[in-house]
Amino acid sequence: MEMREERTGVPTTLRKLKSTNSQVISFSGSDAVTWLVEAKQLQTREHAVKMLTKILKTGVIFKHMTQNAPEDCFVDSNKVYYYFEVQMVLRILTHVAYTH
């Protein structure tokens, strides 16, 4: 099921991870980089990749198991997918709603 994240417009897909049987919101590396460059007006895709690598290392997003993709670096590719865990997103949204 393809959709777009409501506020950002990043193309996402709701998927179920086989390893944990949990639902995740998934997106490609290239879609995230394109969105970050356009929405945040970054000058280069390389700068966006550096920012997304930092986010990946904090554990906010996770990489699907992908062959030939470094585990700790974000990859600007339409063949490498990343995800948010739905439960984590709901907790963040709930926290934001109650603190504002």
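Me: Are Phe 27 and Tyr 82 buried or exposed?
Reply: Phe 27 and Tyr 82 are both buried. Please bear in mind that this is a predicted model.

Me: How many aromatic pairs does the structure hold?
Reply: It holds 3 aromatic pairs. In one of them, the ring centres of Phe 27 and Tyr 82 lie 6.2 Å apart with the planes at 25°, so this pair is stacked.

Me: Where in the chain do Phe 27 and Tyr 82 sit?
Reply: Phe 27 belongs to strand S3 (residues 23–28) and Tyr 82 to strand S5 (residues 81–85). The two are 55 residues apart, and their pairing links distant parts of the chain.

Me: And why do Phe 74 and Tyr 82 count as stacked?
Reply: Their planes meet at 15°, with the ring centres 4.0 Å apart. Stacked applies because planes under 30 degrees apart fall into that class. Phe 74 is buried, as is Tyr 82, and Phe 27, Phe 74 and Tyr 82 form one aromatic cluster.

Me: What else is Phe 74 in contact with?
Reply: Leaving aside neighbours within four places in sequence, the contacts of Phe 74 include Gly 29, Ala 32, Val 33, Val 49, Leu 52, Thr 53, Leu 56 and Ile 61. Phe 27 and Tyr 82 are also on that list.

Me: Which residues have the most contacts inside the largest nonpolar core?
Reply: They are Phe 27, Val 33, Ala 48, Leu 52, Phe 74 and Tyr 82, in a core of 16 residues. Helix H1 (29–39) and helix H2 (45–58) each contribute at least two residues to this core.

Me: Changing topic: how many bridges join S2 to S3?
Reply: Strand S2 (residues 11–16) is joined to S3 by 4 bridges, and the two strands run antiparallel. Leu 14 stands opposite Ile 25 in S3. S2 and S3 form a hairpin with 6 residues between them, and Asn 21 in the turn has a positive phi of about 60°.

Me: What pattern does the whole protein follow along the sequence?
Reply: The order is β-β-β-α-α-β-β-α, made up of 3 helices and 5 strands.

Me: How much of the protein is made up of buried residues?
Reply: Of the 100 residues, 34% are buried. The accessible surface comes to about 7200 Å², and carbon and sulfur atoms account for 54% of it.

Me: What share of the contacts with a separation of 6 or more is between residues 24 or more positions apart?
Reply: That share is 38%.

Notes. Residues are numbered from 1 along each chain as its sequence is written. This is a predicted model: local features need pLDDT of at least 70, side-chain atom pairs count only at pLDDT 80 or more; totals for chains, interfaces and linings use all residues. Side-chain values use heavy atoms; hydrogens and water are left out. A nonpolar core is a set of buried Ala, Val, Leu, Ile, Met, Phe, Trp, Tyr and Cys residues joined through side-chain atoms within 4.5 Å. Buried means under 20% relative accessible area, exposed over 50%, partly exposed in between (1.4 Å probe, protein chains only). Contact means heavy atoms within 4.5 Å. Rings of Phe, Tyr and Trp (its six-membered ring) pair if their centres lie within 6.5 Å; planes under 30 degrees apart count as stacked, over 60 as edge-to-face and the rest as tilted. Two strands pair if DSSP finds at least two bridges between them. Accessible areas come from the Shrake-Rupley method with a 1.4 Å probe; for residues, only the protein chains shown count as cover.
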